Amino acid sequence: MKILVTGASGFVGKNVICHLRQNGYDDIVAYDLDTPENVLEDAVKDCGFVLHFAGVNRPQNEGEFMEGNFGFTTKLLSMLKASGNKAPILITSSIQAALDNPYGRSKKASEDYMFEYSKETGAKVLVYRLPNVFGKWSRPNYNSAIATFCHNVARGLPIRVNDPSVNMHVVYIDDVAAEILRALKGEETRGDGGEIGAEFCMVPVTHRATLGEIAGMIESFKTSRETLDVPCMERGSLSSKLYSTYLSFLPEGGFSYPLKMNVDERGSFTEFLRTPERGQVSVNVAKPGITKGNHWHHSKNEKFLVVKGRAVIRFRKVGSEEIEEYFVSGDRLEVVDIPTGYTHNIENIGEDDLVTVMWANESFDPANPDTYFEKV
């Protein structure tokens, strides 16, 4: 099936085309402002589906809203009609189409014309009233406030939040793309008859939060490099999607950041990640012949993973004299659980530095370290 995509170089178009190609749709005609007109003229004759993303968000004058949104929609549908092509056509509209402003009126006019076109020709039309779309490749000061916030925070620039209590309804670009892939198979999600009328289509996964909450999350992503705190990464959460978006706005040369290494004659110990729910990850380096540890915990538990060198990990249950040993190396990755109530240590028995990745079930709290010295 040949798919015509208008607005192909825009935020939505660029992302959707990537998803199309990754899902086996190879016959794609990408049309944008700089595409020769004859490409569009040829494509409307035999395309099997039209994805209409072209539009204007922030023109220099209000008149361009109607010209860029409604005007091009009528032109596109007229070309399809003239060619006798009744291919299904999907258009991305906006929830602002329900509002009385220049942008909303231009989107509403496009919607109405789509429905009239369907009645006249019998062609299937899918009108998606989308909330604010965010994600990678969006443009700051153009596509969304989230794009602007991510761009500015990543560069240490100020952000402006006029009213932090404003409720935001947002949708992630990958969720939009997933819905469009379903629509291509005739499995589109129809409106619920409430906020999104039954005549419209919708993306089933959206998010709501206040503007202040969104700005706060984005600002916390920058400081997390210093605190080592990992934001909520629950699959499908708004936080995880915002974080992915934020990372896409990091400036060139800004992808790395240093960690504080606690170094002494024995080696080093470096915290890598901290979370309130899933504990802490650290990297421990021990010089040859060095033994680290010789302590135990009441409640804290750990996992050791040697990734370089050779080591022996020893345990002794507190109050017992029996010692248990585990010989591990970076040649065969093996996780060793460090149970509570057992004093333990790790000794570098190789000739090179020993590198161990250590996970603890809770981030270190100096006020309550739960660590008690006792030789194995």
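A salt bridge is taken here as a side-chain nitrogen of Lys or Arg lying within 4 Å of a carboxyl oxygen of Asp or Glu. In this predicted model, the count by that rule comes to 20 salt bridges. One of them joins K287 to D353, with the closest N and O atoms 3.6 Å apart. This pair links distant parts of the chain, since K287 belongs to the loop between strand 11 (279-286) and strand 12, while D353 belongs to the loop between strand 17 (342-348) and strand 18, 66 residues apart. Both partners are partly exposed, K287 with a relative accessible area of 36% and D353 with one of 26%.

Strand 14 (residues 310-317) contributes R314 to a further pairing, in which the partner is E347 of strand 17, 33 residues apart; the side chains of E347 and R314 meet in a salt bridge with an N to O distance of 2.8 Å. A salt bridge is also formed by the side chains of E374 and R316, at 2.9 Å from N to O, and this pair too links distant parts of the chain, with E374 in the segment after strand 19 and R316 in strand 14, 58 residues apart. At 11% relative accessibility R316 counts as buried, whereas E374, with a relative accessible area of 24%, is partly exposed. Elsewhere, K124, E188 and R190 are linked in a network of salt bridges.

Among the helices, the axes of helix 7 (residues 211-227) and helix 8 (residues 238-248) come within 10 Å and cross at roughly 55°. The two helices are therefore oblique to each other, and their crossing is right-handed. The loop between helix 8 and strand 9 (261-264) contains P251, which is partly exposed at 23% relative accessibility. The C-alpha atoms of P251 and G309 are separated by 36 Å, the two residues being 58 apart along the chain.

Backbone geometry is considered last. Most residues other than glycine have a negative phi. In N294, however, phi is positive, near 60°; this residue is found in strand 12 (residues 291-296) and is buried, with a relative accessible area of 15%. D370, likewise not a glycine, has a positive phi of about 50°. D370 lies in the loop between strand 18 (354-360) and strand 19 (372-373) and, with a relative accessible area of 7%, is buried.

Terms used. Residues numbered from 1 in each chain as written. Predicted model: local features only at pLDDT ≥ 70, side-chain atom pairs only at ≥ 80, totals over all residues. Heavy atoms only, no water. Helix = DSSP H or I, 4+ residues; strand = E, 2+ residues; numbered from the N terminus. Buried < 20%, exposed > 50% of the residue type's maximum accessible area, 1.4 Å probe, protein only. Axes fitted to C-alpha atoms, helices over the stretch in contact; angles between N-to-C directions. Parallel < 35°, antiparallel > 145°, perpendicular 65-115°, else oblique. Left-handed = near helix turned anticlockwise from the far one by under 90°.
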